Amino acid sequence: MLINNETIIKDNDPKIREKSQPVPLPLSQEDETLLRELYQYVENSTKPEIAEKENLRPAVGISAIQVGVPKQLTAVIVRLSGDDDEEEIVYRYMLANPKIVSSSVQKAYLESGEGCLSVEEDHDGYVVRSARVTVQGFDLVTGQDITIRARGYLAIVLQHELDHFKGILFYDHINPEDPYPEVPNSIVI
Ligand code: CO
């Protein structure tokens, strides 16, 4: 499947609101291929030359519904630069049927707000999410069931992607009456 900014469905397409279904495991050849293509999109999207040539918008994650396939498949690549001399840490996942099994009461949000490959207009405001989540699912990068204990930016990205399985977009979490709420005891990223 060709995945680029032309073929990714946008929020004016009702399909983006569809619920995604779990996939059978082990993955079918078709599901595995799609998951690898989603991952390749994310990987290539942050390489400026390829991104420009292939019309890719930079992304840290993409879910299958964004290419019109209502299956619980998502690819995430999050790079966190370490403090000072610490090395960059890269989290790479190709997830099938990931689920949030626990989430912190403490909240977190990105100060500059969120974006999405399926959303072309700006939607300003804080998207308040759990500061920490534990996600379980099958991961094709490692070829096994995994438990991800995520915090910070990774936790935000995973919650954003898993929202796509429910047809939820990031701006659904923004109250237009109060887009920049004060959230006590929250982590600002
Ligand atoms: Co998105």
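How many of the residues of α3 are buried? The count is 12 of 14, so this helix is mostly covered. Buried means under 20% relative accessible area, with a 1.4 Å probe and protein chains only. Helices are DSSP runs of H or I with at least four residues, and strands are runs of E with at least two.

This is a predicted model, in which local features need pLDDT of at least 70 and side-chain atom pairs count only at pLDDT 80 or more, while totals for chains, interfaces and linings use all residues. Residues are numbered from 1 along each chain, and side-chain values use heavy atoms, without hydrogens and water.

**The cobalt site**

Three residues donate to the cobalt ion, at 2.1 to 2.3 Å. Donors are N, O and S atoms within 2.8 Å of the metal (3.2 Å for Na, K and Ca). Water is not among the atoms, so the site may look incomplete.

| Donor residue | Donor atom |
|---|---|
| C116 | SG |
| H160 | NE2 |
| H164 | NE2 |

Their spacing in sequence is C-x43-H-x3-H. C116 sits in the loop between β4 (107-109) and β5 (129-130), and H164 in α3 (residues 152-165), so the pair ties together parts 48 residues apart in sequence. C116 is buried at 7% relative accessible area. H164 is buried too, at 1%. Just after α3, G167 has a positive phi of about 75°.

**K10**

K10 lies in the segment before α1 (29-45). K10 is buried but has no salt bridge, meaning a Lys or Arg side-chain nitrogen within 4 Å of an Asp or Glu carboxyl oxygen. E120, the nearest side chain of opposite charge, is 4.3 Å away. The K10 side chain does reach the backbone oxygen of N5, at 2.7 Å.

How values were computed
Buried means under 20% relative accessible area, exposed over 50%, partly exposed in between (1.4 Å probe, protein chains only). Lys and Arg count as positive and Asp and Glu as negative; His and the chain ends are not counted. A polar contact is a pair of N or O atoms within 3.5 Å; within protein, one must be able to donate a hydrogen and the other to accept it, and residues adjacent in sequence count only if both atoms are side-chain atoms.
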